[in-house]
Structure formats: structure tokens, C-alpha cells
Amino acid sequence: MLLFVLWSSFLVLWPSQGAMEGNKQDVCQGDKVMEELHVLDFVNSALHEDFIELTDVRETFICLLYPKNLLNCSWSFLTLEKDMQLSVSISVCHDTTTVRTLNQSSVERVGSRSLNLEQHEELHVILQFNMTHYDKYRVYTYSYDKDTLEVVSPPSNISAAFKDGDLLVKWAESNPMCFEYRVDLGNQEPPKKLKSQLFYTEVSADPTFTYRVRMKRRKLDSCIGSQWSEWSPTVSVDPSAEPDKLNTLSIISISFGIPMILLALLLFQRVSKLLFPPIPRPAPKYIYYLEENYPFNFSPPVQPSKAEEEITKVTEEEENPLGHFKSNMGRTLSNLTQGQ
Ligand SMILES: *[C@@H]1O[C@H](CO)[C@@H](O)[C@H](O)[C@H]1NC(C)=O
Ligand SMILES: *[C@@H]1O[C@H](CO)[C@@H](O)[C@H](O)[C@H]1NC(C)=O
Ligand SMILES: *[C@@H]1O[C@H](CO)[C@@H](O)[C@H](O)[C@H]1NC(C)=O
């Protein structure tokens, strides 16, 4: 009886012990498989292994290496069954050597863990999830190369200003050939896509619009690639705040505007004196003359006749092709009847 119990417990323990050994084993020493998700299923005391695409699983996760070597792995496993237990393991490997590890059992369905890494030329990160449900479990293993992890910093020293009616955006870059950029002008339009450039010109920019320029960048695949940076801080280009333009405008208005207004006033005074000589009370004979002539002089008899002329012109032109068509039709008809 005792033997039987021992035997059966051995049978039950054997596969899980094998898996435990697998767990203890340094993942950095295993085969490095890139761009594929390794899925290990333990169901009905049997292990199944598979390699699938990341996009083929409903769960999402990613590891990113931010500037200053902050590694952040985040996940969302919202589709897990309620009583399923999730654990996460992050291993940082330099070749087959483990540099850092972080193991946590019973983590939340949506979460993240981060690690501060030292500067390493060559490293890769192995992210592992273990979903346990009673006597079965599933393990996801995914490896990241340093380049695919890396999130570069956004472009620095961004400046934007109006120049000859265009908006000129400039930025600093030590190695522009290695980067592609997105320039968002804050004008509801999709960001501009640029490659290996140090400036962008928005031709015929709206001078009344306050552009809010921000940028992000990514290393090109030809330079081993990287993730997109965050958006840079926004640089506002307020047209009214342009000091040069405002100064010129005020100088122009002060140096020309005021004398011009004075001159105009003076001229108006002279002209009004010439046009309307001071006759406060016209003589009765003039009043009669004015009253008689006022409607005659100011009724414009030329305008309507002109309009009529134009209308007749139009109808003539419109009738012409119709008449032509009619006469052609007549000719065709007569030809037809003649042919018969
Ligand atoms: C996954 O979790 C199960 C149950 O806790 C454990 O037996 C198994 O060894 C774990 N596997 C890995 C690879 O972590
Ligand atoms: C890691 O990434 C997650 C998801 O993007 C974020 O919520 C979290 O704040 C990040 N942690 C750190 C330390 O940056
Ligand atoms: C950015 O501007 C600062 C201050 O003007 C300057 O010291 C720095 O060298 C510039 N960076 C680049 C990459 O040109």
C-alpha cells in the first residue's frame, strides 16, 4: 500500500519536477530565439512546445529600454481566466551569462516592472510569463535584442520660426543619416514623415496660426534600428509674439501712419472746400434748378439698357448652337427622306 502511494506520487511529481528543473535552468543559457514567441503548455501531465507569432496571442507585452538604461517590461493579460495565476520573470543576458533577473509570482493582469541596467554593448532580455491554473500551466518566453528594446531620446534643440511666409523647423542631430523623424505641427494634420534631415519647411504657413511643434525620432534599420522616441516637448510659434515683425510694424505705423493721417485730413479739408463751397442758403432759383435736375441727373438710365443688351447677347449665343442643331437635324431628316 505504501509502495503504491509512493509510486503514484512519484508519477505525479515526476513531470512537474522536470518542469521545476527547467525553471531553475538559466534561461540565458538556452537557445536564443528572436522574433518568435515560445509557448510551453503543460496539460494532462504532458508538455507541448510551439513557436508562434506575437500577434497570434491575445495577451500583449513589451520590454523597452529607455534613455539612461531603464528597462521597462509591461503586459496586459486581460483575457486570462479568473482563477489563473500569473507570474513574470525578466532575465537580462550578456551572451549566455545572466546579468540581472527579476522573478515575481502572482502579478496583476495589467502591470509593468522595471530594472536599471548598467551600460552593456551586447545584451538581450528574456521575458517569461507563467500562467498557472490548477494542474496545468502555460509559459510564454520571448527574447529581445538590445536594438529592438532601445527607445531613443526625442530630437533635441528644436526650434521653429516663420521665415518668408514659411514655417521653418530645425533640430540638432549628431548622426542624421541614422534617423527618421515625425514632425507634428499641432494643426490637426498627420505628422510629417522625414528621413535623414535636419530641418523641415512648411511652405506657405498660416501666419495667424499658433503652431505647436513637437517631434519624435527612431533609428533607421540601416543603423540597427530602434523603437520610436517619446514626443519632444512642444515648441510654440506664436505669430503675434514675433518681436521682429511687431517692431517693424510699429515703426512703419509710427513713422508713416501718423503723418499720412494728418496729410489725409488736410487734403480732405481742402477738397471738401473745393467740392462743397460754403453756400449755406442757396438762392430760390437754384433750389428749383436742383430739384428739377436731381432725379434726372442721378437716375441711371444707362445701366438697365446695358443689362438688357447683355441678356439678349446671352440668349442669342445660346440659341445659336440650338438653331444650328435644329437646321442640321432638318438637313439630316431631309437627307433621310430623300434617301428613301
Ligand atoms: C510555471 O508554473 C508552474 C506552476 O507553478 C510550475 O510548475 C512550472 O515549473 C513553471 N514553469 C516555468 C517555466 O516557470
Ligand atoms: C513602465 O511602462 C508602463 C506602461 O507603459 C508605465 O505605466 C510605467 O509607468 C513604466 N514604469 C516606469 C518605471 O517607467
Ligand atoms: C543644443 O543647444 C545647447 C545650448 O544652446 C548646446 O550646448 C548643445 O551643444 C546643442 N546640442 C546639439 C546636439 O547641437
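Which residue in strand 11 is the bridge partner of A160? It is V169. The report below starts with the basis of the model and returns to that pair later.

## Basis of the model

This is a predicted model, in which local features need pLDDT of at least 70, side-chain atom pairs count only at pLDDT 80 or more, and totals for chains, interfaces and linings use all residues. Residues are numbered from 1 along each chain as its sequence is written, chains are lettered from A and ligands numbered from 1 in the order in which they are written, and side-chain values use heavy atoms, with hydrogens and water left out.

Strand 1 covers residues 37–43. Strands here are DSSP runs of E with at least two residues, and helices are runs of H or I with at least four; both are numbered from the N terminus. Five of the seven residues of strand 1 are buried. Buried means under 20% relative accessible area, exposed means over 50%, and partly exposed lies in between, with a 1.4 Å probe and protein chains only.

Strand 1 runs antiparallel to strand 2 (residues 46–52), and seven bridges join them. Two strands count as paired if DSSP finds at least two bridges between them. V43 has A46 in strand 2 as its bridge partner. The two strands form a hairpin with two residues between them. In that turn, N44 has a positive phi of about 50 degrees. Strand 1 also runs antiparallel to strand 9 (residues 136–145), through five bridges. There, L40 stands opposite V139.

## The second largest pocket

The second largest pocket holds about 310 Å³ of space. A pocket is found on a 1 Å grid over the protein atoms alone: it is an open set of points with protein on both sides within 12 Å along at least five of seven lines, whereas a cavity is a set where a 1.4 Å probe fits but cannot get out. Lining residues have an atom within 4 Å of a point. Grid points are joined across faces, edges and corners, and the volume is the space filled by probe spheres set on them.

The lining has 18 residues, and R58, E81, M84, M131 and R138 are the closest to the pocket centre. Strand 1, strand 8 (124–133) and strand 9 each give two or more residues to this lining. Strand 9 gives the most, with four. By type, eight lining residues are nonpolar, three polar and seven charged. Ala, Val, Leu, Ile, Met, Phe, Trp, Tyr, Cys and Pro count as nonpolar; Asp, Glu, Lys and Arg count as charged; the others, Gly among them, count as polar.

Six bridges join strand 10 to strand 11 (residues 166–172). The pair A160 and V169 belongs here.

L167 lies in strand 11. It counts as buried because its relative accessibility is 0%. Beyond its neighbours within four places in sequence, L167 is in contact (heavy atoms within 4.5 Å) with residues including F162, L185, Y200, Y211 and V237. V237 is 70 residues away along the chain, yet the two C-alpha atoms are separated by 8.9 Å.

## Strand 13 and K195

Strand 12 (residues 179–184) and strand 13 run antiparallel, joined by four bridges. R182 stands opposite K193. In a regular strand, side chains alternate between the two faces of the sheet. Strand 13 has a covered face, K192 and L194, and an uncovered one, K193 and K195.

K195 lies in strand 13 (residues 192–195). It is exposed because its relative accessible area is 53%. Not counting residues up to four places away in sequence, K195 touches F179, E180 and L220. K195 and K219 are 24 residues apart in sequence and 9.9 Å apart, C-alpha to C-alpha.

## Loops with positive phi

Most residues other than glycine have a negative phi. S106, not a glycine, has a positive phi of about 55 degrees. S106 sits in the loop between strand 6 (97–104) and strand 7 (110–116). Y134 also has a positive phi, near 50 degrees. Y134 is found in the loop between strand 8 and strand 9. With 64% relative accessibility, Y134 counts as exposed.
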